[in-house]
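This briefing is written for someone meeting the structure for the first time. Please look over the sequence and the model before reading the points below.

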Amino acid sequence: QVQLEESGGGLVQAGGSLRLSCAASGNFYSINSMGWYRQAPGKQRELVALLPTGGTQNYADSVKGRFTISRDNGKNTVYLHMDSLRPEDTAVYYCNVVVAKNFGRGYGNYWGQGTQVTVSS
């Protein structure tokens, strides 16, 4: 089983910055990818940023140039640094981690509990 601990959400004014973090722990062989999704009220959950192990960052068009995803592989932690925040960025942000399970038992897809980001105009 994998546990994800998120932190860093909050209330910020438009134009401000926030940093989210998500630490993965538990019993798994390796991490395949780490990323962030968000869900605004009345909308579907959408990809914000994704960083596969050994790969390159992928971003939603709406956040390109403003958000940066990074990882500390030694700490199994992923970060999302958000600059120039806009009211439309308001949502619950979810960490997502895909791991390779031990003993060749396939892959597991895990979600954090979500952290609220609210951007006031």
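Predicted model: local features only at pLDDT ≥ 70, side-chain atom pairs only at ≥ 80, totals over all residues.

**The nonpolar core**
- The largest nonpolar core has 31 residues, and those with the most contacts inside it are Leu4, Trp36, Val48, Phe67, Leu80, Met82 and Tyr93.
- Two or more residues of this core are given by each of several elements, among them β1 (2-7), β4 (30-39), β8 (77-82) and β11 (115-120), while the largest share, five residues, comes from β9.
- In soluble globular proteins, nonpolar side chains tend to be buried together.

**Gly15, in a loop**
- Gly15 is found in the loop between β2 (10-13) and β3, and Gly15 counts as exposed because its relative accessible area of 53% lies over the 50% cut-off.
- Although Gly15 and Met82 are 67 residues apart in sequence, their C-alpha atoms are 9.8 Å apart in space.
- Once neighbours within four places in sequence are left aside, Gly15 is in contact with Ser84 and Leu85.

**Asp89, in another loop**
- Asp89 is found in the loop between β8 and β9, and Asp89 counts as buried because its relative accessible area of 1% is under the 20% cut-off.
- The side chains of Asp89 and Arg66 are joined by a polar contact of 2.8 Å.
- Not counting residues up to four places away in sequence, Asp89 touches Arg38, Arg66, Phe67, Ser84, Val117 and Val119.

Notes
Residues numbered from 1 in each chain as written. Heavy atoms only, no water. Core = buried A, V, L, I, M, F, W, Y, C linked by side-chain atoms within 4.5 Å. Buried < 20%, exposed > 50% of the residue type's maximum accessible area, 1.4 Å probe, protein only. Helix = DSSP H or I, 4+ residues; strand = E, 2+ residues; numbered from the N terminus. Contact = heavy atoms within 4.5 Å. Polar contact = N/O pair within 3.5 Å; in protein donor to acceptor, adjacent residues only side chain to side chain.
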